[in-house]
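Hi,

Here is the structure I promised to pass on. Have a look at it first, and my notes on what turned up follow below.

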Amino acid sequence: MIKFEQVYKDYPASGNSLRALHPTDLAIAAGEVFGLVGHSGAGKSTLLRLINRLEAPSGGRIWVDGEDITALDSSALRRFRQQVGMIFQHFNLLSSKTVAENVALPLQLSGMQNPAAIAQRVDELLARVAISAQADQYPAQLSGGQKQRVGIARALALKPKILLCDEATSALDPQTTVQVLQLLREINLELGLTIVLITHEMDVIRRVCDRVAVMDGGRVVEQGEVVQVFLHP
Ligand code: ADP
Ligand code: ADP
């Protein structure tokens, strides 16, 4: 589903540039829950953001679902991004919009115009993440777990094949974390969605990841099944 061939990323900095990701090969299978772990600054966000081309690689090739995404023009890039949903540590909801309006946004931006069709899809999404009762509330009225459910509904709105999670449970208490992880696992199994997640919590890895990559200093230093990487070092 996702394949990196000698992908690297340099950020321009004053004087010399910084290599945030050294040439990396990586393969993530369809339907897999893949974890990225490592210290702050290890290159996890950079790797994640290369998958939906929020960052462009400085070199190498990235294939997603058979398509080379390293050389897309802007309209192809817009189309491609619809296949990749993303959720964030701080949820990134629009505070001036209700839950339903936040979830409707990607549908509207993608060109869906029929209000009844949008409302129906939003209803479906809110029901799936069990947040229907809060449809008309604003983000400030919600708990952290509820906000992340809205984030998940928004990320799923355009029926992506891949869901990227950037520390998606780091701002949640342990009990809420477990609930959100359960929801992600259900969605992964139901929809066959490929999930790539960044975490620094061992419990998150144990509960949901099939495989992990351990990153350090802009390199993947270990890669494999969770049991292999963490129980037989
Ligand atoms: P992690 O997610 O593991 O904390 P990042 O991918 O965010 O690591 O960062 C890897 C390195 O790249 C760090 O040294 C960070 O400071 C640097 N970096 C990340 N984003 C940028 C950016 N937009 N511009 C310049 N440097 C960046
Ligand atoms: P900005 O221009 O402020 O950086 P973006 O245009 O990247 O924001 O994103 C707009 C909104 O859509 C943000 O709230 C962000 O959380 C959300 N978003 C961005 N990329 C995706 C994605 N691939 N899937 C789902 N939501 C996304």
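For the ligand surroundings, a residue counts as near a molecule if one of its heavy atoms lies within 4 Å of it. Bear in mind as you read that this is a predicted model.

With that cut-off, the residues around ligand 2 are Val84, Gly85, Met86, Phe88, Asn92 and Arg154. Three of these residues come up again when you look at polar atoms. A backbone N or O atom of Met86 sits 3.0 Å from a nitrogen atom of ligand 2. Asn92 also takes part through its backbone, with a polar atom 3.1 Å from an oxygen atom of ligand 2. Arg154 uses its side chain instead: an N or O atom there is 3.3 Å from an oxygen atom of the ligand.

Now for the other ligand. Ligand 1 is surrounded by Tyr11, Leu18 and Ala20, along with His39, Ser40, Gly41, Ala42, Gly43, Lys44, Ser45 and Thr46. Which atoms of Lys44, Ser45 and Thr46 lie by its oxygen atoms? For Lys44, a polar side-chain atom is 2.8 Å from an oxygen atom of ligand 1. For Ser45, a backbone N or O atom is 2.8 Å from an oxygen atom of ligand 1. For Thr46, a polar side-chain atom is 2.6 Å from an oxygen atom of ligand 1.

The axes of H3 and H5 come within 7 Å and cross at roughly 25°. Angles under 35 degrees count as roughly parallel, and that makes H3 roughly parallel to H5. The crossing is right-handed. On the H3 side, Val99, Asn102, Val103 and Pro106 meet Val150, Ala153 and Arg154 of H5. By class, the residues of this contact split into 5 nonpolar, 1 polar and 1 charged.

From H5, the contact takes in Gly145, Gln148, Arg149, Ile152 and Leu156, while H6 supplies Thr176, Gln179, Val180, Leu183, Leu184 and Ile187. The class count for H5 with H6 is 6 nonpolar, 4 polar and 1 charged.

How do H3 (residues 99–109) and H4 (residues 115–128) cross, and at what angle? Their axes come within 9 Å and cross at roughly 120°, so H3 and H4 are oblique to each other. H3 passes H4 in a right-handed crossing. The residues in contact are Val99, Ala100, Val103, Ala104, Leu107 and Gln108 of H3, with Ile118, Arg121, Val122, Leu125 and Leu126 of H4. These residues divide into 9 nonpolar, 1 polar and 1 charged.

Cheers

Notes
Residues numbered from 1 in each chain as written. Chains lettered and ligands numbered in written order. Predicted model: local features only at pLDDT ≥ 70, side-chain atom pairs only at ≥ 80, totals over all residues. Heavy atoms only, no water. Axes fitted to C-alpha atoms, helices over the stretch in contact; angles between N-to-C directions. Helix = DSSP H or I, 4+ residues; strand = E, 2+ residues; numbered from the N terminus. Parallel < 35°, antiparallel > 145°, perpendicular 65-115°, else oblique. Left-handed = near helix turned anticlockwise from the far one by under 90°. Contact = heavy atoms within 4.5 Å. Nonpolar A, V, L, I, M, F, W, Y, C, P; charged D, E, K, R; others polar. Polar contact = N/O pair within 3.5 Å; in protein donor to acceptor, adjacent residues only side chain to side chain.
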